[in-house]
Amino acid sequence: MKYFFSGLILVAIVIWMAAFASPDRNLHLIACDVGQGDAILAVYGEIQILVDGGANDEVINCLDRYMPFSDRKIEVVLLSHPQLDHFGGLREVFRRFQVEYFVANSLDSSSQSYQSLKSLVGGSGASLVFPTTGSTIRLGLLHLDIVWPSDDFLAMEDNFSDNKILGAFTSKRDPNEFSIVAILRLEEFDALLTGDIGPEVINEIIQTDKVHNVEYIKVPHHGSKNGLTQELLDITLPEVAVISVGKNSYGHPHKEILELLEEREILMKRTDMDGDIEIISDGESWWIN
Amino acid sequence: MTFKPLFWLFLIILIIGRFVTTRPDFSNGDKIRITEKVSSEPIRYETSQRLIIGRLKTYLPKFPEINYGDIVVVEGMVEDGKLIDPKLVDLNFATGVLYKTRKRIIENFQKSLPEPHSSLVAGVTLGSKSGIPQDFWEALRETGTAHVVVASGMNVTLVAGFLIGILILFFSRKKAVILALIGIWIYSFLSGFDAPIVRAAIMGSIAFTAQGLGRLYAAGRALFLSAAIMLIIRPDWLTDLGFILSFVATGSLMLFERKIANLIRFVPGIFREGLSTSLAAQIGVAPILFATFGQFNLLSPVINALVLWTIAPITVMGAVAGMIGLISITLGKSILLLSFPLTTWFIEIVKAFG
């Protein structure tokens with residue numbers, strides 16, 4: 001009888017804790033502090049979208065900080081491109097969370113850890129989505145408008161195939177150029193998520209006419225000068241720029257990029273200095289937590 | 001009566017003999033290749049994992065992940081108890097049902113609860129320490145509460161008590177004891193067969209057998225007998241910190257716990273047992289910890305008192321959820337969720353002091 005009552009009390013406490021931890025009605029866009037790498041989490045109500053998973057398992061701690069404890073489902077995991085500093089932590093994500101959609105491109109990587117991620121994804125029951133320029137992924141009021149890669153760009157690859165499987169083709173090009181670029185949109189709030197794209201691809205992206213005025217930009221390629229360009233800033237006019245960067249040997253973020261942002265008086269945040277960067281929006285205005 | 005001292009003398013000689021003859025005979029600079037079954041769970045760091053192979057500390061890259069029970073072939077050079085420049089030549093995954101079961105249970109914990117809650121439950125119920133986030137592990141060490149997440153004898157005692165409590169409802173006393181014994185040993189195997197677990201399993205077995213046979217059980221003697229049995233089978237445990245701490249702590253508990261409990265009757269009931277146990281254990285353990293790690297937290301008994309009461313229910317819920325989770329993850333998860341308030345309490349206290 002004693003145990004029965006203790007059990008009931010625990011049930012009551014769990015329900016209260018769950019109620020207390022339940023999310024508000026705003027969009028929370030968090031650039032996780034995962035060291036050198038990208039992991040960006042969008043939380044909107046019960047919906048989570050994770051864009052990239054960083055190089056190590058640090059992303060798990062970020063997910064656990066921002067997701068309600070009873071929610072073990074991530075609606076969308078998007079992998080911009082198969083490089084370790086973007087997918088490294090995703091293995092652990094697939095082990096620990098139920099993932100509904102895995103959004104990626106079918107470029108392969110020969111690394112052992114990517115092969116092991118592929119088999120984990122395959123066994124996880126997640127639906128695969130291979131989006132190209134112009135497609136949109138909708139989750140309630142949240143939209144992911146896909147800006148890159150374009151069908152034409154992919155078709156230029158010799159051994160590209162339309163097979164809807166992970167790692168369907170290899171390329172001599174830099175994997176960065178295949179980065180999935182998307183605009184995350186909640187009503188009037190737009191965030192441009194850029195993967196590791198560089199100047200060349202940026203020019204092509206601008207020609208697609210799919211990029212426009214945004215509030216938030218994730219600075220491409222960890223602030224490398226082989227990333228953000230003036231042209232992209234001219235066309236997107238962001239108010240806040242987030243650099244996802246950690247200790248690295250490349251000198252990221254490069255001072256050219258920092259200067260570029262400074263000149264335009266764009267508010268700049270860096271995960272290596274500010275930790276997790278959480279931007280909140282109600283669909284009209286935005287603020288930093 | 002004269003045979004008793006002789007018996008103990010015989011055991012001691014046997015232990016020394018075993019220790020000397022099983023000592024690996026490589027010296028610094030030797031290049032060696034070892035094939036061995038991994039006998040305890042590797043500790044994982046950000047980019048590496050640490051195994052003990054042939055009594056040598058071996059740091060291997062994090063991937064492929066090596067688990068308790070896997071068979072590894074490793075090459076490297078011996079230097080001061082370490083294997084340097086180690087290379088993993090071959091890895092055969094554990095095939096035993098129990099190894100796989102353990103892995104599945106831990107994975108289910110990780111699927112059901114956020115960190116560090118899931119690794120706390122995994123640590124408390126199965127002595128698994130590989131998934132514990134670095135900062136939480138540091139906090140556990142600083143507060144002197146790490147003993148609850150490494151395999152500890154307390155788990156065995158809890159499981160034994162729980163099993164007997166349930167089994168006695170359905171079986172005769174004798175059958176219940178036998179089944180509980182089997183259960184204890186399956187549990188020790190599942191928990192990675194670390195020294196403290198084995199110690200508790202042997203002592204528990206001696207106690208239960210004595211009960212079953214209607215003999216008097218002398219805890220002190222059982223403690224020494226288990227130490228002897230363990231050292232005969234695994235002489236290398238003589239230098240294992242977990243082994244030493246486990247015996248010293250149990251010995252101090254036997255000597256001081258009751259007296260301390262009488263002294264601190266003013267402490268509220270729920271915290272009293274935790275405080276008296278940890279104070280008693282600390283008498284023996286503190287000097288060893290201080291000598292080994294050079295640090296010791298004076299507040300540790302207080303912190304332990306605040307959190308130890310949560311361990312019994314977390315262990316029981318974790319064990320039940322672990323078993324049920326093998327059949328239905330959803331059901332297992334809902335049981336685990338019930339432990340969330342308790343793990344939250346534990347974690348917040350440890351973080352506050354850590």
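At what angle do the axes of helix α2 and helix α3 of chain B cross?

## Two helices in chain B

The model is predicted. In it, the axes of α2 (residues 97–112) and α3 (residues 117–126) of chain B cross at roughly 150°. They come within 8 Å. Angles over 145 degrees count as roughly antiparallel, so α2(B) and α3(B) are roughly antiparallel to each other. The crossing of α2(B) past α3(B) is right-handed.

Which residues make the contact? From α2(B) come B:R102, B:I105, B:I106, B:F109 and B:Q110. From α3(B) come B:S118, B:V121, B:A122, B:T125 and B:L126. By class, this contact of α2(B) with α3(B) holds 6 nonpolar, 3 polar and 1 charged residues.

## A sheet in chain B

Chain B also has an open sheet of 6 strands. Their order is β1-β5-β6-β4-β3-β2, and the pairing is mixed. The edges are taken by β1 (31–37) and β2 (43–44) of chain B. Each has a single partner strand, so one side of each is left without a neighbour in the sheet.

Strands of a sheet pair through backbone hydrogen bonds, either parallel or antiparallel. For β1(B), the pairing with β5 (residues 71–79) of chain B is antiparallel and runs over 7 bridges. Within this part of the sheet, B:T35 stands opposite B:V73 of β5(B).

## Where chains A and B meet

One helix from each chain takes part in the next packing. Helix α1 (residues 2–21) of chain A packs with helix α13 (residues 329–353) of chain B at an angle of about 80°. Their axes are 8 Å apart. That angle makes α1(A) roughly perpendicular to α13(B).

On the chain A side, α1(A) brings A:L10, A:V11, A:I13, A:V14 and A:M17. They meet B:L337, B:L338, B:F340, B:P341, B:L342 and B:T344 in α13(B). The contact of α1(A) with α13(B) has 10 nonpolar residues, 1 polar and no charged.

## A disulfide in chain A

How many disulfides does a search of the whole structure find? There is 1 over all chains. It joins A:C32 to A:C62, with S to S at 2.0 Å. The link of A:C32 and A:C62 is left-handed, with -70° about the S-S bond.

The pair links distant parts of the chain, 30 residues apart. A:C32 lies in the loop between β1 (27–31) and β2 (40–44) of chain A. A:C62 lies in helix α2 (residues 58–66) of chain A.

Notes
Residues are numbered from 1 along each chain as its sequence is written. Chains are lettered from A and ligands numbered from 1 in the order in which they are written. This is a predicted model: local features need pLDDT of at least 70, side-chain atom pairs count only at pLDDT 80 or more; totals for chains, interfaces and linings use all residues. Side-chain values use heavy atoms; hydrogens and water are left out. Two strands pair if DSSP finds at least two bridges between them. Helices (H or I, at least four residues) and strands (E, at least two) are DSSP runs, numbered from the N terminus. Axes are lines fitted to C-alpha atoms, for helices over the stretch in contact, and angles run from 0 to 180 degrees between N-to-C directions. Angles under 35 degrees count as roughly parallel, over 145 as roughly antiparallel, 65 to 115 as roughly perpendicular and the rest as oblique. A crossing is left-handed if the near helix is turned anticlockwise from the far one by less than a right angle, and right-handed if clockwise. Contact means heavy atoms within 4.5 Å. Ala, Val, Leu, Ile, Met, Phe, Trp, Tyr, Cys and Pro count as nonpolar, Asp, Glu, Lys and Arg as charged, and the others, Gly among them, as polar. A disulfide is a pair of cysteine sulfur atoms within 2.5 Å.
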